[in-house]
Amino acid sequence: MPAEKKVVQASNLCKIYEIGDVKVEAFRDVSFSVENGEFTAIGGPSGCGKTTLLNIVGGIDRPTSGKITVFGEDLNVKDEDFLASFRCHKIGFVFQSYNLVSTLTVAENVAFPMEWARKSEDHIEKRLEELLTTVGLQHRAEHLPSQLSGGEQQRVAFARALANDPPLLLVDEPTGNLDIKTSQKIVQILEKLKSEGKTIIIATHDEQILRLADQKLRFEDGKLVNQIE
Amino acid sequence: MSETSFPVNDLLRRKLQTSLAIISLTLCVASTLFLLLFCQKIGIGITAVVENKLTAGFSTIFTPFLIFIGVLVFVVGAVIASFMVFVMMSQRVRDIGLMKATGCPNELIFGYFMTELLIITLASCFLGVVLGVLADFATTNLLNALGLQASQAPVNFWLIVLVFVIFFVFGLVFGAKPILDTTKVEPAKAISPIYYFGLVKESGFKAVSKSNLTFRIAMRSLFRRKSATVRIVICLSTVFILVTVAVAGGVIANQTTRNWLEKAIGRDVVLIVHQDMRTQYVLLLSKFYEAKEEPPFNYTDEKYLMPEEILNSLNSTPEISIIDTRLMLKAHILEVQNYTINPSTGETMTVGDDREGDAIVVGVKPERTLSEWFLDGHFLGNKQAQEAVIGDSIAQKLFSSPLNQGIKLFNETSAVLDIVGVCIDPINNGNVTYVPLETLQSIVSISKPNIVMIKIDPSANRTEVLSQIRANVSSVNSDFVVFELNEVLDKNLGFLGFIWSTIMFLPLFSLASASLCLIGYVMLAIAEQRQEFGVLRALGAKPRTVVEIVAGQSFIVLLASYAVGIALGVIITLMILIPEPLVTNYTIMEIAGWLLAALLATFIFSLYPAIKFAKKPIREIMYP
């Protein structure tokens, strides 16, 4: 398999948190790779380290040991400014608790990653319309996050993650806080993204989402086990 | 959780917040106490002025300034105390929510946080008192080391108790309200990540959507955090009023009073007198800056009268542009009553009393005097007029409405001179009366002057001319000396400058407290937006962007407070505190420079928590 096909390559990742004198191991010897266009699902019990692993892949956390390469970049050795720009252009994040900026409207929440990527106003407006249509929230463009339901906030979070059309999407328990009906809408969005060939890594327990996965990984006793190759 | 150990442990665990609150309250207490003790020490207290140093005219500027600054320092103290406690409690609302959710009763929560408040207020008041006394002690020693007399009397114990009690009560009263409010917050709300104490749910205001993203987020967060924003703006505005009154007022008043002094004594004036009279004249002028015993001196002694030959020699020196001959005596003066019509009743009323006292009386040629006094009224009309201009101190001590009254010199039977002006003059602390030379000469039957003041043409070689004059004077009578007055003038100006610069130094304490308050506000902003900053960083914002957003909020708050504070400060200074202010371009530049420096220093200081926060890893920000 040619190296350039690998979007993510992790080898022997280990993460230990130090809380005072106590050391807590999140996971150890985690190795996996994700290919371009692959849909990878990560499962495991709560607190097993799924979110931490996604954070490390996204460059918002660093492993205690091991190597992580994303799009050929060794994230361990990069400085904060590089990582900021890297995340802005290459990675889309969807957090479990939506994490919208409460002072910005829906449209502004979706638009701000594009503003950081210095896209033109015309481009931003066009892309904004496209994304809000995709997630079905055109009519909510001028609303503030506090005026939206949980499902709507999660859809805004998807639109925001896709704003700069990143080649890699990291999604953390997108249906964890939603009811079945609302979850269905999120699954539809993920299906659409998969059909478009987007590389997705998703932490989830949701059976509907797991069914979409090309690769299923699961944390067991602090180690990552590949369920289906 | 022990009831007594929780508050102590809690304060110790939150070192930065605790020390911030204690330092800012300590500075408030210290600055107030220092101001009160310092005023007593340098003798520019309200009543001490006229008796010891300066003149009544100068004291009428100093006194309102000090009173005003004193009141403002108290107000600033109260506002800062209230704000710091508000910030403290705003950051604790989640803990309170958790305590309530786990079944802790309201009374117990209130007790915990009141105990914390009590500890902080007590510690701040104690440290503030110690710092205030030490600052006063250090300034007193500095004053004495500089050769200026400052009282070494023990500090006023009751003043210390007063400041301690007032600030202790301020702290508790203003602090109890937010604690009570916070304990009333529903636990579900308190533990919700989107709830923040003092936060308006959503503001109707939206910054222009075309504006820069960081500016937009900064502005909207400010409006959303309305309660805290309004409090910090009030707090900083009060401090900026204080700073403006002290700095702008200090600079303008310094220049205005320096101008009065310089014109009254005269710049580059040369005194030609008998050497004993020179000593006496310098003594009278130096009373302005140091209280001195005045030994008996016979002004009418013939040996002090100016020899005709010296006058002739001076008159024949072409390089001398002005010769101002004066006769200076000590006289007993008497207030003369006058009558006036009461405009509302039409009845005749008496103005004044029959007060009497001693003053220096100087006979001058009105048309040839070197001095220009700051006058209420006008100067003497002609050389034989039965008029007098009196100094500001005797005007205040011996007359009710001086410009409507008369004055008698030496005794009851002498002629009444109409008072046509009140002047500000440093000589003999303003206990002076100017009359036409010929009028005085005819009263005392002395035909010669005993003081001659000259001014040398600026185009002439001053050193050469002075040498020539010295030689001529010495050849006539070696007891007569030629003395340049600039040295004594500079000492007077130096004293004035020192007082003003000390007054200008006072708000530095308040400015430091205000900076700490702003840091508190910035920390509050960061705590409230912590999660959002984490998200922004995770989605591609650089650490600098977070600093820019926080800096934007801090700068907007500062600018708003600055505008309000400076506008009110300037109005108060110019309209209330200084009569006929002297404002030059240089004055404006100097004031602008100082105020800009205060703004920038406060702003830079306030960025510390933002810079520290921006350096944190994103994981720590998002999942604390």
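**Figure 1. Secondary structure of chain A in a predicted model.** Chain A holds seven helices and ten strands. The chain has 229 residues, and 47% of them count as buried.

**Figure 2. Helix 5 of chain A beside helix 6 of chain A.** Helix 5 covers residues 150–161, and helix 6 covers residues 180–195. Their axes come within 9 Å and cross at roughly 15°. Because angles under 35 degrees count as roughly parallel, helix 5 of chain A is roughly parallel to helix 6 of chain A. The crossing is right-handed.

**Figure 3. Residues in the contact of helix 5 with helix 6 of chain A.** Helix 5 contributes A:Gly150, A:Gly151, A:Gln154, A:Arg155 and A:Phe158. Helix 6 meets them with A:Thr182, A:Lys185, A:Ile186 and A:Ile189. The residues of this contact divide into three nonpolar, four polar and two charged.

**Figure 4. Helix 7 of chain B, end to end.** This helix runs over residues 157–183. At 1.5 Å a residue, its 27 residues should span 39 Å. The C-alpha atoms at its ends are 39 Å apart, so the two values agree.

**Figure 5. Buried residues of helix 7 of chain B.** Which residues of helix 7 of chain B are buried? They are B:Val163, B:Phe167, B:Phe170, B:Gly171, B:Phe174, B:Gly175, B:Pro178, B:Ile179, B:Thr182 and B:Thr183. An α-helix has 3.6 residues a turn, so residues three or four places apart point the same way.

Notes: Residues are numbered from 1 along each chain as its sequence is written. Chains are lettered from A and ligands numbered from 1 in the order in which they are written. This is a predicted model: local features need pLDDT of at least 70, side-chain atom pairs count only at pLDDT 80 or more; totals for chains, interfaces and linings use all residues. Axes are lines fitted to C-alpha atoms, for helices over the stretch in contact, and angles run from 0 to 180 degrees between N-to-C directions. Helices (H or I, at least four residues) and strands (E, at least two) are DSSP runs, numbered from the N terminus. Angles under 35 degrees count as roughly parallel, over 145 as roughly antiparallel, 65 to 115 as roughly perpendicular and the rest as oblique. A crossing is left-handed if the near helix is turned anticlockwise from the far one by less than a right angle, and right-handed if clockwise. Two residues are in contact if their C-beta atoms, placed from the backbone, lie within 7 Å. Ala, Val, Leu, Ile, Met, Phe, Trp, Tyr, Cys and Pro count as nonpolar, Asp, Glu, Lys and Arg as charged, and the others, Gly among them, as polar. The expected span of a helix is 1.5 Å times one less than its number of residues. A residue is buried if 20 or more other C-beta atoms lie within 10 Å of its own, exposed if 12 or fewer, and partly exposed in between; C-beta atoms are placed from the backbone.
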